[in-house]
Amino acid sequence: MPALPRHRSGRRAERSRSEPRAALDRHLTDLIDAHSDAAFRLAFGILHDRHLAEDVVQETMLRSWSSLDRFRGDSSERTWVLRIAHNTAVDALRRRRDHATDPAKVPEVADRIDPADRAVGRDDLTRVGNVLGGLDATSRAIVVLREVEGLSYQEIADALGIPVPTVKTRLLRARRALQAAARDEEER
Amino acid sequence: MTEHHGPDPEDLPGPDDGVEPPDESGREFFDIDGALAEDDASLADALRALLQPPADIEHRVADTVSDRLVGGSVGSTLIDLLGLGPRTLGMFLSGGVPPADRVREDLPQDDEGAVRR
C-alpha cells in the first residue's frame, strides 16, 4: 500500500476542488496530470465504456505510482504508463467477459457512444467506433497508440509485448477498415 | 498494380472472444512499410474525437485516487491505534463482543458478575 500522503487536507466535507490534488504525493500528481488523457483514450479504445475506462485510469495511476521505484527507464515514462494501462484494461475486459453470461446483454458499441454526439450529427464517429469495436483488443490498442498517441512501432511493441512486424500488420489491417468506414460515411 | 485489401474485419474475432487472429506477419502486404507511410490525418482526428476524455479527467482521477488512499490509510491507522487483531476486528465489525469482555455464564460469578476462582 502506498505511503500516507504527506500533507493531509482535512475532512472530506471541507475539501475544495483543488485540495485533494494538493494532498497527493507530487509524483502521483505529476503522473495523473501527464498521462490521464492518454490512459483514458487507450482504455476507452479497448473497452468502449467510459465509466470502465475511467476506473482503469484510476487503477493505472495507482499502480504506476506504487511501482515507480521499479521503473528502470528502459522506455519513456509515457510508454511505461500506457503498458500498465493496457494490462489493466485487458484485465477489465476479461472480467467483463467472464461476468457476461448472456452475450446479448453486452451492450453494443453504438450504445456506448455519447448520445450528444449522435444528436449533433456526429454519426460518422459512431461508424468508426463500430469498426474499432469490431477489432480484437490488441488491434484496437495498436490503432490508438499509433494513430492517436503517436508512439513508434517499437514503443507499441514494448507496451503490448508483441513483435514489431505484428504491430505493423495489425495496424495496416485496422487502418484500412477504419478508413473504409470513414469514406462510406462521407459518401452518404 | 491491383490494391490488395486485408481480410474483411467482420470476419475477425469479436472483441470479447479472446481469440487472436493469425499473425501473418505482413505476408499479404507487398510493401507494408510503404503502405504504413501514408499518413491519414482525418482518421487520427476522428479517433481523437471519438476517444476524447472528459475535460476534467485529471481532477476526477485525483479525487478518486485521493479518496482511495486516505480511506485505506485511515483504516490501517485505526487498526494500529486500537491494537486490534484480525479476529477481534472481525467480531467488532460484526457487532460481537470480544472474548475477553464476554461474561462466562457457565462459570460461578460473584454479585458483581466477576468470575469466582
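Helix axes are here lines fitted to C-alpha atoms over the stretch in contact, and the angles between them run from 0 to 180 degrees between N-to-C directions. The structure is a predicted model, in which local features need pLDDT of at least 70 and side-chain atom pairs count only at pLDDT 80 or more, whereas totals for chains, interfaces and linings use all residues. Residues are numbered from 1 along each chain as its sequence is written, chains are lettered from A and ligands numbered from 1 in the order in which they are written, and side-chain values use heavy atoms, with hydrogens and water left out.

With helices (H or I, at least four residues) and strands (E, at least two) taken as DSSP runs numbered from the N terminus, chain A has 10 helices and 0 strands, while chain B has 4 helices and 0 strands. Of the contacts in chain A with a separation of 6 or more, 62% are accounted for by residues 24 or more positions apart, a contact being heavy atoms within 4.5 Å.

Two helix pairs of chain A are described next. The axes of helix 3 (residues 50–66) of chain A and helix 4 (residues 77–99) of chain A come within 9 Å and cross at roughly 130 degrees. These two helices of chain A are therefore oblique to each other, given that angles under 35 degrees count as roughly parallel, over 145 as roughly antiparallel, 65 to 115 as roughly perpendicular and the rest as oblique. The contact involves residues including Leu52(A), Val56(A) and Met61(A) of helix 3 of chain A, and Trp80(A), Ile84(A) and Arg96(A) among those of helix 4 of chain A. By class, this contact of helix 3 with helix 4 of chain A has 9 nonpolar, 3 polar and 4 charged residues, where Ala, Val, Leu, Ile, Met, Phe, Trp, Tyr, Cys and Pro count as nonpolar, Asp, Glu, Lys and Arg as charged, and the others, Gly among them, as polar.

Helix 8 (residues 137–148) of chain A and helix 9 (residues 153–160) of chain A pack at an angle of about 140 degrees, with their axes 10 Å apart, which makes helix 8 of chain A oblique to helix 9 of chain A. Thr138(A), Ala141(A), Ile142(A), Leu145(A) and Arg146(A) of helix 8 of chain A meet Tyr153(A), Ile156(A), Ala159(A) and Leu160(A) of helix 9 of chain A in this contact, to which 7 nonpolar, 1 polar and 1 charged residues belong. Also in helix 8 of chain A is Ser139(A), which is buried, with a relative accessible area of 4%; its C-alpha atom is separated by 5.7 Å from that of Arg170(A), 31 residues apart along the chain.

A nonpolar core is a set of buried Ala, Val, Leu, Ile, Met, Phe, Trp, Tyr and Cys residues joined through side-chain atoms within 4.5 Å. The largest such core has 62 residues, and Leu28(A), Leu42(A), Ile46(A), Met61(A), Leu132(A), Val143(A) and Leu145(A) touch the most other members. Helix 2 (residues 26–47) of chain A gives the most to this core, with 11 residues. Residues up to four places away in sequence aside, Ile46(A) touches His86(A), Ala89(A), Leu93(A), Ala137(A), Arg140(A) and Ala141(A).

In the loop between helix 2 and helix 3 of chain A lies His48(A), which has a positive phi of about 55 degrees although it is not a glycine. His48(A) is buried, with a relative accessible area of 4%.

Notes
Buried means under 20% relative accessible area, exposed over 50%, partly exposed in between (1.4 Å probe, protein chains only).
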